[in-house]
Amino acid sequence: MSELEVGRAVRTLWLLMLLRGVLAVVFGLYALFSPESALLALVYVFGFYALMDGVAAIVVGARHRRAGHWGWQLVQGVVSLVAGLVMLFWPGPTVLALVLVVAVWSIAQGITGIVEAVAARRQGEPWAWPVLGGVVAIVFGVVLLASPGAGAFLLLWVIGVSTVALGAAYVVWALRLRSAAGAGAHA
């Protein structure tokens, strides 16, 4: 790739990063300042995410049948598919139940992740981070189960704040890319 082509790519990239950042900030602010309607939107977003996650986990499990822990990946995929279908086919009733579904899903993901990590450890594969992730997922799920009403708004608050921060980081990155592309064009 020539220097001119790299410059064009960076100029296009900064615009895409800026758009991504602005959209993230807008979504984050929406979650913070319009929590009721954001919760319904979150039901749909999480439903589609869980479906895609389920399909991906099933494909990974099916392709890695030679690994001793592939079955747990299939279990994770089925759990995600069921959670996604529940969200998409019953959005009204699941607005409040979203927290419970996320809690159960998180606990199931944590348990299967820990079991998979233990199986991976027996095969000499890395296991510490998956165990930590599993423990965090279980704790998160238990906290949400303990107080689902407050958990819904806490979940939106965490999503809102983290998305605004992520969006701001993308905007800063985009502006730095634009500066770099402009400096490279003048060099």
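Y49 first. At 40% relative accessibility, Y49 is partly exposed. Keep in mind that this is a predicted model.

Y49 has an aromatic partner in W105. The ring centres of Y49 and W105 are 6.2 Å apart, with the planes at 90 degrees, so this pair is edge-to-face. Where do the two residues sit? Y49 is in helix α2, while W105 is in helix α4, residues 91-122. The pair therefore ties together parts that are 56 residues apart in sequence. W105 is buried, at 14% relative accessibility. The cut-off for buried is under 20%, so W105 falls inside it.

Now the other side of Y49. F46 pairs with Y49 as well, and that pair is tilted. Centre to centre, the F46 and Y49 rings are 6.3 Å apart, with 45 degrees between the planes. Why tilted? An angle under 30 degrees would count as stacked and one over 60 as edge-to-face, so 45 degrees lands in the remaining class.

F46 and Y49 are both in helix α2, residues 35-63. They are three residues apart there, which means about one helical turn separates them. In general, an α-helix has 3.6 residues a turn, so residues three or four places apart point the same way. As for burial, F46 has a relative accessible area of 10% and is buried.

F46, Y49 and W105 make one aromatic cluster. Across the whole structure, the search gives four aromatic pairs. The two I have described are among them.

Next, charges over rings. R121 lies over the face of W127, 4.6 Å from the ring centre. R178 does likewise with W14, lying over its face at 5.1 Å from the ring centre.

Last item, helix α5. It runs over residues 128-146, 19 residues in total. From first C-alpha to last, α5 reaches 27 Å, close to the 27 Å expected at 1.5 Å a residue.

Which residues of α5 are buried? They are G134, A137, G141 and L144. These four cover an arc of only 95 degrees around the axis, which puts them on the same side of α5. The face turned away from that buried side carries exposed residues, V136 and A146.

Note on methods: Residues numbered from 1 in each chain as written. Predicted model: local features only at pLDDT ≥ 70, side-chain atom pairs only at ≥ 80, totals over all residues. Heavy atoms only, no water. Helix = DSSP H or I, 4+ residues; strand = E, 2+ residues; numbered from the N terminus. Expected span 1.5 Å × (residues − 1). Buried < 20%, exposed > 50% of the residue type's maximum accessible area, 1.4 Å probe, protein only. Arc of directions from axis to C-beta. Phe/Tyr/Trp six-rings, centres within 6.5 Å; stacked < 30°, edge-to-face > 60°. Lys NZ or Arg CZ within 6 Å of the ring centre and 35° of its normal.
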